[in-house]
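Welcome! Take a moment to turn the model around on your screen before reading on.

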Amino acid sequence: MKNIDIISEDNETKMADNDFIISKTDAKGVITYCNEIFMTIAGYEEKELVGKNHNVIRHPDVPKFAFKLAWDSIRNGKEFFGFVKNLKKDGGYYWVFANITADYSEHGKIIGYTSVRRKPTQSALDFIIPVYQKMIALEKEGGISLSGKYLLDFLEENNSTYNGLILSLQGE
Ligand SMILES: Cc1cc2nc3c(=O)[nH]c(=O)nc-3n(C[C@H](O)[C@H](O)[C@H](O)COP(=O)(O)O)c2cc1C
């Protein structure tokens, strides 16, 4: 019998060049809207996504520190960019190049978030996959303080910022 890892490795869905996956959440990350492409690629119906925490499609191959960076940014009103592997309902996966921004009330309070994802470049994935693997191994060893240090040291050595690295990997 195949184990889950093998099934998952066999079962990648690639975004098309012109696809945009869009979702919106409330301030806590509970999904309030998702577009048709999201449902088609992730394999869920609208009623299975709306009202659920966005971690419903969380894939274990993405390090915890990546989500910490995302939330630290967006809670402070800064847009986030990142490469994210997502879990499909059927156990398969798809990679995205994600952007998340905050949505504001008329009084300037953050009331939710919007994420738009596009197809990531293959060269970005070739770079990021081993980095995420290393970060996950470090998280198993010593939590996000180790994986965070690894990433921040890497950025310092390469004289780069997180957003600078991610945008240059995507070629933007
Ligand atoms: C607008 C928005 C979109 C998000 N999109 C995703 C996503 O596509 N995949 C994902 O794993 N997490 C996404 N997240 C992050 C999740 O809220 C969550 O932090 C992440 O899945 C890690 O979950 P966990 O801490 O329960 O493991 C998104 C968050 C927001 C606010």
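## Around the ligand

Which residues are closest to the ligand, and how many surround it? There are 14 residues around the ligand, and the closest are Asn55, Arg58, Trp71, Asn86 and Arg117. Keep in mind as you look that this is a predicted model.

Where does the ligand sit? You will find the ligand in the largest pocket.

Now look at single atoms. Asn86 has a polar side-chain atom 2.7 Å from a nitrogen atom of the ligand. His54 also places a polar side-chain atom by a ligand nitrogen, at 3.4 Å. For Trp71, an N or O atom in the side chain is 2.9 Å from an oxygen atom of the ligand.

How much of the ligand does the protein bury? On its own the ligand exposes 620 Å², and the protein buries 82% of that.

## How confident is the prediction?

The average pLDDT of the chain is 94, and 94% of the residues score at least 70. Residues 1-8, however, have a pLDDT below 50, and this stretch makes five contacts in the model beyond near neighbours in sequence. Where pLDDT is low, the predicted coordinates should not be read in detail.

Notes: Residues are numbered from 1 along each chain as its sequence is written. This is a predicted model: local features need pLDDT of at least 70, side-chain atom pairs count only at pLDDT 80 or more; totals for chains, interfaces and linings use all residues. Side-chain values use heavy atoms; hydrogens and water are left out. pLDDT is the predictor's confidence in each residue, from 0 to 100. Contact means heavy atoms within 4.5 Å. A residue is near a molecule or strand if one of its heavy atoms lies within 4 Å of it. A polar contact is a pair of N or O atoms within 3.5 Å; within protein, one must be able to donate a hydrogen and the other to accept it, and residues adjacent in sequence count only if both atoms are side-chain atoms. Accessible areas come from the Shrake-Rupley method with a 1.4 Å probe; for residues, only the protein chains shown count as cover. On a 1 Å grid over the protein atoms alone, a cavity is a set of points where a 1.4 Å probe fits but cannot get out, and a pocket is an open set with protein on both sides within 12 Å along at least five of seven lines; lining residues have an atom within 4 Å of a point. A molecule sits in a cavity or pocket if more than half of its atoms lie within 2 Å of its grid points.
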